[in-house]
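Subject: Structure handover

Hello,

Here is the structure you were expecting. Please open it alongside this email.

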Amino acid sequence: MRLRHIPGSEEEIAGSPYVVHSPFEKKGCWKEVFGNENPIEIEVGMGKGRFIMELAAIHPEINYVGIERYPSVLLRGLQKRALLELDNIFFMCVDAKNLADIFAPGEVQKVYLNFSDPWPKDRHAKRRLTSEDFMAVYDQILTTDGTVEFKTDNKDLFEYSLESIPRAGWLVKEFTYDLHHSQMGEGNVMTEYEEKFSSQGNPIYKLIAERK
Ligand code: SAM
């Protein structure tokens with residue numbers, strides 16, 4: 001998702017109480033950020049954040065961090081966040097390639113990837129959030145039983161991921177080519193993109209990966 005740059009978005013994010021500032025200084029200290037020992041789940045590329053805010057409202061016993069690299073996109077999420085009374089969610093404006101410098105080993109229980117940018121050209125494959133390089137980043141921050149959950153409507157990216165994830169040394173534990181008509185879809189929380197693409201009749205693909 002690329003929004004036109006919104007003037008003042010960086011300043012608004014810098015002053016927001018819902019954003020983790022200086023995230024690199026929080027490595028190993030995330031329990032203090034939330035003030036409790038609850039497990040932490042993150043969404044990489046949260047966009048406007050509907051999915052992760054809804055999860056946070058359903059699961060007060062879990063802590064959530066939404067990650068988005070574009071300030072103008074994150075700003076939209078912050079505007080919605082301000083209307084909610086939640087104390088188990090924060091956002092960060094960073095590129096996910098830096099996650100291993102932000103979370104210590106075992107600090108994250110689950111990584112959600114929803115409708116990640118497909119980067120269709122081969123020469124950009126490393127930028128896909130399910131590439132071997134990114135799986136190696138998640139490997140450095142997840143608990144030993146931690147999982148990666150990935151949803152998309154892009155068949156090429158999904159099929160690429162079904163190959164890249166095992167190549168990175170992970171097991172694809174479950175997957176479906178039609179989430180909304182499968183058992184894996186029970187309790188599914190929709191994202192903005194999911195709502196849009198499924199309303200156009202596109203099937204939604206999902207996989208869950210864990211370490212071998
Ligand atoms: N997850 C949302 C949804 O399903 O509605 C948004 C999907 S949007 C297509 C993908 C988002 O991921 C964009 O907002 C993009 O800026 C963000 N993104 C892509 N690569 C990223 C990275 N390396 N680090 C952080 N955010 C990233």
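A word of caution first. This is a predicted model. Residue numbers start from 1 along each chain.

Now the individual pairings. β4 and β5 (residues 142-152) run parallel, joined by six bridges. Here Val108 stands opposite Leu142 of β5. β5 also pairs with β7 (residues 205-211), in the antiparallel sense and over six bridges. Lys151 stands opposite Lys206 of β7. β7 in turn is joined to β6 by six bridges, and these two run antiparallel. In β7, Ala209 is the residue opposite Val172.

As background, strands of a sheet pair through backbone hydrogen bonds, either parallel or antiparallel.

Which of its residues are buried? They are Arg50, Phe51, Ile52, Met53 and Ala56. One of these is a charged residue type, Arg. What do the buried residues of α3 pack against? The list has strands and helices: β1 (40-44), β2 (63-67), β3 (89-92) and β4 (108-114), along with α4 (71-81) and α7 (192-199).

Take Tyr64 first. Tyr64 lies in strand β2. Why does Tyr64 count as buried? Because 27 other C-beta atoms lie within 10 Å, and the cut-off for buried is 20 or more. Leaving aside neighbours within four places in sequence, Tyr64 is in contact with Glu41, Ile52, Leu55, Ala56, Asn88 and Ile89. Ile52 and Ala56 are also among the buried residues of α3. Tyr64 and Asn88 are 24 residues apart in sequence, yet 6.1 Å apart in space, C-alpha to C-alpha.

Next, Ala209, in strand β7. Ala209 is buried as well, with 26 other C-beta atoms within 10 Å. Beyond the neighbours within four places in sequence, the contacts of Ala209 are Thr147, Val148, Ile165, Trp170, Leu171, Val172 and Lys173. Val172 is also the residue that stands opposite Ala209. The C-alpha atoms of Ala209 and Leu75 are separated by 30 Å, and the two residues are 134 apart along the chain.

**The ligand**

How many residues surround the ligand? There are 22, and the closest are Gly45, Gly47, Ala96, Phe115 and Thr191. By type, the shell divides into ten nonpolar, five polar and seven charged residues. Which element gives the largest share of the shell? That is α7, with three residues. α7 has come up already: the buried residues of α3 pack against α7.

Best wishes

How values were computed: Predicted model: local features only at pLDDT ≥ 70, side-chain atom pairs only at ≥ 80, totals over all residues. Buried ≥ 20, exposed ≤ 12 C-beta atoms within 10 Å, placed from the backbone. Helix = DSSP H or I, 4+ residues; strand = E, 2+ residues; numbered from the N terminus. Contact = placed C-beta atoms within 7 Å. Near = placed C-beta within 6 Å. Pairing = 2+ DSSP bridges.
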